[in-house]
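Here is a friendly walk through one protein model, from its strands to its aromatic rings. Please keep the sequence and the 3D view at hand as you read.

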Amino acid sequence: MPRQTPKRCLPARKQLETLDVARSAIKLSGFIPTELGKLNRLTTWFMFDQRFSGTLPPEIGELNHLVDFNLGPGPPGNGPAACSPRLAISGTIPEELWGLPSLFGFNIECNRISGTIPKAVGKLGSGVCRR
């Protein structure tokens with residue numbers, strides 16, 4: 001059975017720079033906690049191959065040092081063959097995310113994102129941007 005995201009552990013980790021639970025033996029599920037926006041030193045967020053659902057919280061826009069963000073099926077470039085029905089992030093991409101000054105890599109491939117990609121996406125470097 002997948003574990004729920006451990007919200008109670010997040011406030012004590014404000015100095016965390018890398019959040020990588022990708023392909024972990026522990027499968028996380030549920031909503032992405034808004035408290036992740038408090039990880040103000042976070043540069044790398046790899047949570048692919050997990051079982052999150054719901055929408056991306058706007059608090060992600062508070063991660064001013066975030067460089068790589070990956071909630072897709074795996075590392076960028078795995079392609080549609082790697083897609084899994086368990087990837088269930090839905091809704092629109094929060095506008096706050098596109099204002100992050102350091103964001104370079106962005107992958108939410110194979111999720112259920114809707115809406116349009118805002119013009120602000122041009123602020124990204126030459127990183128990956130997929131729907």
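## Strands side by side

Strand β3 (residues 28-31) and β5 run parallel and are joined by three bridges. Strands here are DSSP runs of E with at least two residues, numbered from the N terminus, and two strands pair if DSSP finds at least two bridges between them. Within this pairing, G30 stands opposite F52 in β5. Strand β5 also has two bridges to strand β7 (residues 88-91), again running parallel; there, S53 has A88 of β7 as its bridge partner.

In a regular strand the side chains alternate between the two faces of the sheet. Strand β5 (residues 51-54) has F52 and G54 on its covered face, while R51 and S53 are on the uncovered one.

## About the model

This is a predicted model, in which local features need pLDDT of at least 70 and side-chain atom pairs count only at pLDDT 80 or more, while totals for chains, interfaces and linings use all residues. Residues are numbered from 1 along each chain as its sequence is written, and side-chain values use heavy atoms, with hydrogens and water left out.

## The protein as a whole

The protein has ten strands and zero helices. Of its 131 residues, 44% are buried (under 20% relative accessible area, with a 1.4 Å probe and protein chains only). Among contacts (heavy atoms within 4.5 Å) with a separation of 6 or more, 62% are between residues 24 or more positions apart.

## Aromatic rings

How many aromatic pairs does the structure hold? There are three, counting rings of Phe, Tyr and Trp (its six-membered ring) whose centres lie within 6.5 Å; planes under 30 degrees apart count as stacked, over 60 as edge-to-face and the rest as tilted. The rings of F69 and F106 are stacked, because their centres are 5.4 Å apart and their planes are at 10°. F69 lies in strand β6 (residues 68-70) and F106 in strand β8 (residues 105-107), so this pair ties together parts that are 37 residues apart in sequence.

F69 and F106 are both buried. The W98 and F106 rings have centres 5.0 Å apart and planes at 65°, so that pair is edge-to-face. W98 is buried as well. Together, W45, F69, W98 and F106 form one aromatic cluster.

## Into the core

Leaving aside residues up to four places away in sequence, F69 touches residues including W45, L56, I60 and L103.

Definitions and conventions:
Buried < 20%, exposed > 50% of the residue type's maximum accessible area, 1.4 Å probe, protein only. Helix = DSSP H or I, 4+ residues; strand = E, 2+ residues; numbered from the N terminus.
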